[in-house]
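Thank you all for coming; I would like to walk through one structure this morning, taking a few local features in turn. Please have the sequence and the model open while I talk.

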Amino acid sequence: MLRSLHIRNLAIIDELSLDWSSGFTVLTGETGAGKSILIDALGLVIGLRADATLVRAGSERAEVSAEFSVNDCADAAAWLAERELLEAGSDDCTIRRIVHAEGRTRAFVNGSPVSATELRELGERLVEIFGQGDSRSLLLGDAQRQALDDAGRHAELLAAVAAAAQALQRIERDIEQLRSAQSRDPAQVEYLRFQLQELDALSLTADELPELDAEHRRLANAGRLLDEGNGAQLLLYGDEVSVYDQLSRALSSLHSLVPLHEGFAEAETLTAGAQAQVREAADSLRRLIERLDLDPERLAIVESRLTAIHDLARKHRVRADELFARHEELQSELAVLEDAGAALGRLEAQRKTALVSYMTAAATLTAARRKASIVLAKAVTARVRELGMPNAEFVVAVEPLGREKPTSHGVDLVRFDFSANPGQPPRPLSKVASGGELSRISLALQVSLLSEAGAATQIFDEVDAGIGGVTADVVGRQLRALGARRQVLCVTHLAQVAARGLDHFGIAKSVRDGNTYTRVQRLDAPARVSELSRMLGGDGSSGSTVTLAKELLGQAATDA
């Protein structure tokens with residue numbers, strides 16, 4: 001649930017702080033007063049695209065902060081906990097979004113920076129915004145199918161169908177690749193065999209090249225290894241000026257000094273140790289030089305072998321250290337070609353099994369959709385009839401898609417059909433619904449869907465456009481009923497809807513010193529009467545509109 005919202009330098013808002021309550025809250029005001037800016041601000045904190053034009057003129061940046069409680073949003077709490085962004089025992093989620101005038105944006109969740117993608121992932125778990133334009137999306141087949149799947153909570157069934165479709169598509173790609181390989185020119189296959197024969201004859205092993213390189217370095221530097229190795233051994237332990245002999249003389253002097261001053265004992269011990277290590281190093285060098293095999297004939301053999309490896313690598317257009325892997329690759333390629341017939345048979349058998357699995361998963365989804373379609377159609381029809389169309393009928397058709405290739409969303413064509421008048425059979429929504437009817441159907445569908453699912457905070461931005469009279473009162477009652485299960489924020493121009501709000505914010509703009517400012521105020525009872533009167537066409541202070549405003553508020557209180 002949204003607890004608070006703080007805005008700085010966003011459009012015509014210089015600075016604004018609002019605290020929000022649960023239930024159904026309405027926001028009203030004259031056109032252009034800034035209602036849509038509040039929706040834009042909430043859109044920013046849930047990761048919607050940021051536009052630099054939203055930054056208030058003359059400001060370097062705009063900033064929006066929102067505090068949420070995730071007690072009523074398990075998905076958001078789990079998302080935060082998984083990323084270690086939620087303190088143990090806390091339900092606070094604070095989101096801060098900064099938009100710079102040059103277009104850069106930054107976002108923080110509980111003080112930690114997050115990417116735009118991460119912010120959207122979290123935002124869609126916290127808030128859903130439904131605007132006027134969303135009703136047009138109902139004319140799209142994909143949107144209708146998605147709405148039905150949302151209503152039926154088919155996420156797991158959809159995942160199973162998608163996984164089965166991917167498995168089937170993967171096998172079909174393998175079959176296509178194998179058939180393509182089978183159609184290769186026989187001359188290409190013969191050339192492949194010739195290449196393999198060359199590599200087979202070379203008999204290169206996986207570790208041979210680095211071993212040959214190391215041996216070649218030893219053999220090619222034989223003189224240096226012997227000369228410099230022997231020289232180092234003599235310097236360490238070989239004549240009167242060797243390191244060993246000099247340490248011996250130093251050790252003798254220290255040994256005579258220890259009885260005179262005990263502080264020389266440590267130096268004596270260290271020197272003795274150094275002398276022992278020098279002797280060990282000299283012995284190690286001697287043994288190594290004695291074992292060196294510096295056979296010139298072996299050098300010739302190694303160089304010949306390296307030449308053969310590098311020549312064949314150039315022929316195959318790979319590095320020498322890639323030649324062994326190239327050999328294995330060609331072996332696999334030839335094996336596939338030679339076994340193509342049998343492999344194709346195995347893949348065809350796998351395809352049949354995968355197709356059965358896909359069709360089984362798709363059939364399960366189809367059955368679930370048909371069951372959900374009845375429930376959804378009944379709920380939407382009832383709500384549409386309450387919205388001033390007593391003879392309306394809403395039908396959700398689930399029919400075969402008629403496609404040969406498997407899809408990740410199953411084998412069904414989902415279509416919304418509608419009839420507004422008695423005696424007229426339901427026809428596709430895209431062909432029969434007027435703008436006003438579509439708006440009402442859309443609202444009824446959203447309320448039906450959100451009653452059982454969706455984020456903890458639902459925002460309706462002037463979705464009641466084109467509705468009035470008794471129908472507007474029904475809309476208000478439905479949104480208030482939804483507010484019993486969700487936090488519902490609604491921007492509205494209808495007094496009948498506004499009267500149903502448990503909380504009411506009035507939005508107005510003013511001009512000071514040539515600058516425009518938006519002011520948002522929580523309305524008390526007298527202020528609500530005045531605002532409803534204005535919405536009904538009065539001046540807000542007296543007359544029939546004031547009386548009607550009081551009646552609307554009284555009726556809303558009685559119905560509650």
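Predicted model: local features only at pLDDT ≥ 70, side-chain atom pairs only at ≥ 80, totals over all residues.

Where is Ser203 found? Ser203 sits in the loop between α6 (186-202) and α7 (208-220), where helices (H or I, at least four residues) and strands (E, at least two) are DSSP runs numbered from the N terminus.

Residues are numbered from 1 along each chain as its sequence is written, and side-chain values use heavy atoms, with hydrogens and water left out.

Back to that loop, then. Most residues other than glycine have a negative phi. Ser203, a residue other than glycine, has a positive phi near 55°, and Ser203 is partly exposed, with a relative accessible area of 46%. The terms here are buried for under 20% relative accessible area, exposed for over 50%, and partly exposed in between, with a 1.4 Å probe and protein chains only. Asn9 also is not a glycine and has a positive phi, of about 55°; Asn9 lies in strand β1 (residues 2-10) and is buried, with a relative accessible area of 19%.

Let me turn to the sheet. An open sheet of 6 strands runs in the order β8-β12-β13-β3-β14-β15, with mixed pairing, where two strands pair if DSSP finds at least two bridges between them. At the edges stand β8 (127-131) and β15 (515-522), each with a single partner strand, so one side of each has no neighbour in the sheet. Neighbouring strands are turned by 20° against each other on average, direction ignored. Between β8 and strand β12 (residues 457-461), which run parallel, there are 5 bridges, and Gly131 has Asp461 as its bridge partner in β12.

Across β3 (24-29), β8, β12, β13 (487-491), β14 (503-512) and β15 lies helix α1 (residues 35-45), running at about 135° to β3; axes are lines fitted to C-alpha atoms, for helices over the stretch in contact, and angles run from 0 to 180 degrees between N-to-C directions. Helix α1 is mostly covered, 9 of its 11 residues being buried, among them Ile37, Leu38 and Ile39. Just after α1, Gly47 takes a positive phi of about 95°.

Finally, the helix pairs. The axes of helix α8 (residues 222-236) and helix α10 (residues 264-291) come within 9 Å and cross at roughly 155°, and α8 and α10 are therefore roughly antiparallel to each other, a label used for angles over 145 degrees, with under 35 roughly parallel, 65 to 115 roughly perpendicular and the rest oblique. Residues making the contact (heavy atoms within 4.5 Å) include Leu226 and Leu236 of α8 and Val278 and Ile289 of α10.

How is α9 arranged against α10? Helix α9 (residues 243-257) and α10 pack at an angle of about 160°, with their axes 9 Å apart, which makes α9 roughly antiparallel to α10. The contact of α9 with α10 includes Val243 and Leu247 of α9, and Phe264 and Val278 of α10.
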